[in-house]
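Subject: Structure handover

Hello,

Here is the structure I promised to pass on. Please open it next to this message. My notes follow below.

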Amino acid sequence: MNYSNLFRIAVRALFRNKMRAFLTMLGIIIGVASVIAMLAIGEGSKASIREEMSGMGTNMVMIMPNFQRRGGVSLGTSNSNVLKLSDVTALRNEAVTLTAVSPEIRASGQVIYSNENTQTTIYGVSEEYLPIKKLEVKAGRIFNSAEVRNMSKVCLLGQTVVENLFGKGADPVGLTIRIKNLPFLIIGTLEDKGESGMGQDQDDLIIAPYSTVQRRLAAIDYINGIYASAVSEEKSAAAIAEASEILRRTHKLKESAENDFRIMSQSELIERVSSITNIMTILLGAIAGISLLVGGIGIMNIMLVSVTERTREIGLRMSVGGRGRDILKQFLVESMLLSILGGLLGIIFGYLIAKLAGSLMDSEPLVKTQSVVLAFIVCFIIGVFFGWYPARKAANLNPIDALRYE
Amino acid sequence: MNNIVIETNNLRKDYHIGEVTVHALRGVDMKIHEGEFVAIMGASGSGKSTMLNILGCLDKPSVGSYCLDGVDVNTMNRDETARLRNRKLGFVFQSYNLLARTTALENVELPLFYNGKIKARERKERAVKALEDVGLADRMHHMPNQLSGGQQQRVAIARSLVNDPVLILADEPTGNLDTRTSFGIMELFQELNSKGRTIVYVTHEPDIARFATRNVIFRDGKIQKESQVADRYFATEMLKNLGPEIEEDFD
Ligand SMILES: Nc1ncnc2c1ncn2[C@@H]1O[C@H](COP(=O)(O)OP(=O)(O)O)[C@@H](O)[C@H]1O
Ligand SMILES: [Mg+2]
């Protein structure tokens, strides 16, 4: 029997039992749809996190004090103040793998302009901070070295702060605000950055010269962190090694002592987050894969029932000259049709689910051709594999036994 | 004498059910020539169906040889016997065995689907011709459940004819039918036989057996008696004698 006839017979057999065929396919539809949707959502959030994090500069190197924490409890505050401005100077002078270095001193407090006020974080940094963190001046200018030296009360505002104090899109350059009751001249505003991959508002900040923030606002002799740029993304690891060496020397750490600071690169961080989202994607995919398998077992179940139910038909087909392999092919085509049809519908539904999920979440889901191809291949294999066993059973029947079957 | 279509030698068939062995056939020698019209008779359980199934290559004997149209069936594998059924045999069952929800035409076409040499066009032409031969030209697109028992059996006979077989085998073809319809089927068989078709059928009704030219009587898995039918019935006459069909009023 040729394939076009087999195909017609299979289509007719499925149409005769529309409801049952649909219910069988439902297993596959749900399985494939969830595989496609889960992988799309996983891939989508991975891509968006990666993109967000790259937006912060892929060759950024961060240095923080090494908080000794056990079970979330800080063991003394002594080691939160290990980083000093002298470390910044040392890195700036000695590290050949770093192009820019800036301290970071954070102070949070109330900011007031006439009747408006807002709570935000003031970052005390050097001019180099902007290129390191991929920040850009929108209006006005960045402070100069004289203003840093003189601890001038000048600042630049992030767009959220501008919006909170002056309204959206206003240009407050030249106005004076009060930060923790000290008057600060606004010399510039920063470009919009949007939310970070972790859902943080990156525009809710004020930057000011580190000297001003350290002395006038925070009143501390240490710094909260150091931000630097490696000469290139590839040199990140080398930069970490060199910076560690310099800091261990300036901190006078013994050979055996652990680092009293933590140092990591953005590219390292991206890798780490990516591997987490990878695991998440695999996990989601695996769960969806199980439902696909259950769908496959559904097909096998139906095919078994179908073969048993149609044993007399098989007997008749054999009695008029159908060979074992004709019968085998007939049932294989039928189950393959079921799974491929289910697979196609599943892909469509999966795509729609991913779209829907995308409109509810921030990340745009990414339906990869690979996952579609994978789902389709899996479907095909399920069809062949789970159709094969019952079909084989039917094909091996003796014609007379099949005819007499009750 | 005509060609020998069927020749069996010491045909035996045993069924093993647990410890018990049932000897369904205990050594049957049978010879049937081309153009014969044979009725196999016998009590229930005497092995008639077993014999016919073996003749129809639906089953294999435990012992003994069977030559169909000059070829030894015992040496054939499954695929070869399937081909044999497809090309040389037509089988008619007591319970018609039509595919449900499939038109009469497609039911009749079925054997030709399993013959790769026959293209769609020829398949259809031959099925139409076979249905015309059994007098169902106007029922081609009916489903089995839209046909009477007699009509369904005619479709089954058309199906057995469509591959132009050397032999038609029928196991109690009139078993489910009333007298008049049975005679109708026998009329059809006699007509086919008069055109040279070899037919072997099983029946336990002596009346139905008298339409054949030869009777073979089975008893306990053996041939008890063979005889030419002396006072043969002719279905066309018998139907005339039954008188016109009574149209019952169900209003
Ligand atoms: N598949 C089978 N398994 C076991 N015994 C069988 C089977 N088919 C037939 N028989 C036995 O073989 C004997 C002959 O059966 P059968 O050929 O059907 O008789 P008939 O058709 O003359 O009534 C009976 O005793 C029956 O019980
Ligand atoms: Mg019987």
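Which residues lie nearest the centre of the second largest pocket, and how many residues line that pocket? Keep that in mind while you look around; the answer comes after the ligand. One caution before we start: this is a predicted model.

**Ligand 1**

Start with the ligand. Its shell has 13 residues, and the closest are Gly45(B), Gly47(B), Lys48(B), Ser49(B) and Thr50(B). The site is shared between chains, because residues from both A and B surround ligand 1.

From chain A, the side chain of Arg404(A) places an N or O atom 3.2 Å from a nitrogen atom of ligand 1. From chain B, a polar backbone atom of Ser46(B) is 3.2 Å from an oxygen atom of the ligand. A polar backbone atom of Lys48(B) is 2.9 Å from an oxygen atom of ligand 1. On its own, ligand 1 has 560 Å² of accessible area, and the protein covers 68% of that.

Three elements of chain B give two or more residues each to this shell: β1 (4–17), β2 (20–33) and α1 (48–55). The largest share comes from α1(B), with three residues. By residue type, the shell holds five nonpolar, six polar and two charged residues.

**Second largest pocket**

Now back to the opening question. The second largest pocket has 22 lining residues, and those nearest its centre are Arg404(A), Ser49(B), Asn53(B), Gln94(B) and Asp171(B). Its volume is about 510 Å³. Arg404(A) is the residue with a side-chain N or O atom 3.2 Å from a ligand nitrogen. Ser49(B) is among the closest residues around ligand 1.

Two elements give two or more residues to the lining of the second largest pocket: α13 (399–404) of chain A and α1 of chain B. α1(B) gives the most, with four residues. The lining divides into four nonpolar, 12 polar and six charged residues.

**Largest pocket**

The largest pocket has a volume of about 750 Å³. It is lined by 26 residues, with Met56(A), Tyr123(A), Lys133(A), Gln200(A) and Tyr227(A) closest to the centre. The elements that give two or more residues to this lining belong to chain A: β1 (60–65), β4 (98–113), β5 (116–125), β11 (225–230) and α9 (266–309). β1(A) gives the most, with three residues. What is the make-up of the lining of the largest pocket? It has 13 nonpolar, seven polar and six charged residues.

**Cavities**

Rolling a probe the size of a water molecule over the atoms shows where empty space is left. The structure holds four cavities of 30 Å³ or more. The largest cavity has about 170 Å³ of space. Its lining has 15 residues, and the closest to its centre are Ile9(A), Arg12(A), Arg317(A), Leu99(B) and Thr102(B).

α1(A) gives the most, with six residues. Five lining residues of the largest cavity are nonpolar, three are polar and seven are charged.

**Aromatic pairs**

A pair of aromatic rings is described by the distance of the centres and the angle of the planes. There are eight aromatic pairs over all chains. One to look at is Tyr113(A) with Phe166(A): the ring centres are 4.6 Å apart and the planes stand at 45°, so the pair is tilted. This pair links distant parts of the chain, with its residues 53 apart. Tyr113(A) sits in strand β4 of chain A, and Phe166(A) in helix α6 (residues 159–166) of chain A.

Over to you.

Best wishes

Notes:
Residues are numbered from 1 along each chain as its sequence is written. Chains are lettered from A and ligands numbered from 1 in the order in which they are written. This is a predicted model: local features need pLDDT of at least 70, side-chain atom pairs count only at pLDDT 80 or more; totals for chains, interfaces and linings use all residues. Side-chain values use heavy atoms; hydrogens and water are left out. A residue is near a molecule or strand if one of its heavy atoms lies within 4 Å of it. A polar contact is a pair of N or O atoms within 3.5 Å; within protein, one must be able to donate a hydrogen and the other to accept it, and residues adjacent in sequence count only if both atoms are side-chain atoms. Accessible areas come from the Shrake-Rupley method with a 1.4 Å probe; for residues, only the protein chains shown count as cover. Ala, Val, Leu, Ile, Met, Phe, Trp, Tyr, Cys and Pro count as nonpolar, Asp, Glu, Lys and Arg as charged, and the others, Gly among them, as polar. On a 1 Å grid over the protein atoms alone, a cavity is a set of points where a 1.4 Å probe fits but cannot get out, and a pocket is an open set with protein on both sides within 12 Å along at least five of seven lines; lining residues have an atom within 4 Å of a point. Grid points are joined across faces, edges and corners, and a volume is the space filled by probe spheres set on the points. Rings of Phe, Tyr and Trp (its six-membered ring) pair if their centres lie within 6.5 Å; planes under 30 degrees apart count as stacked, over 60 as edge-to-face and the rest as tilted.
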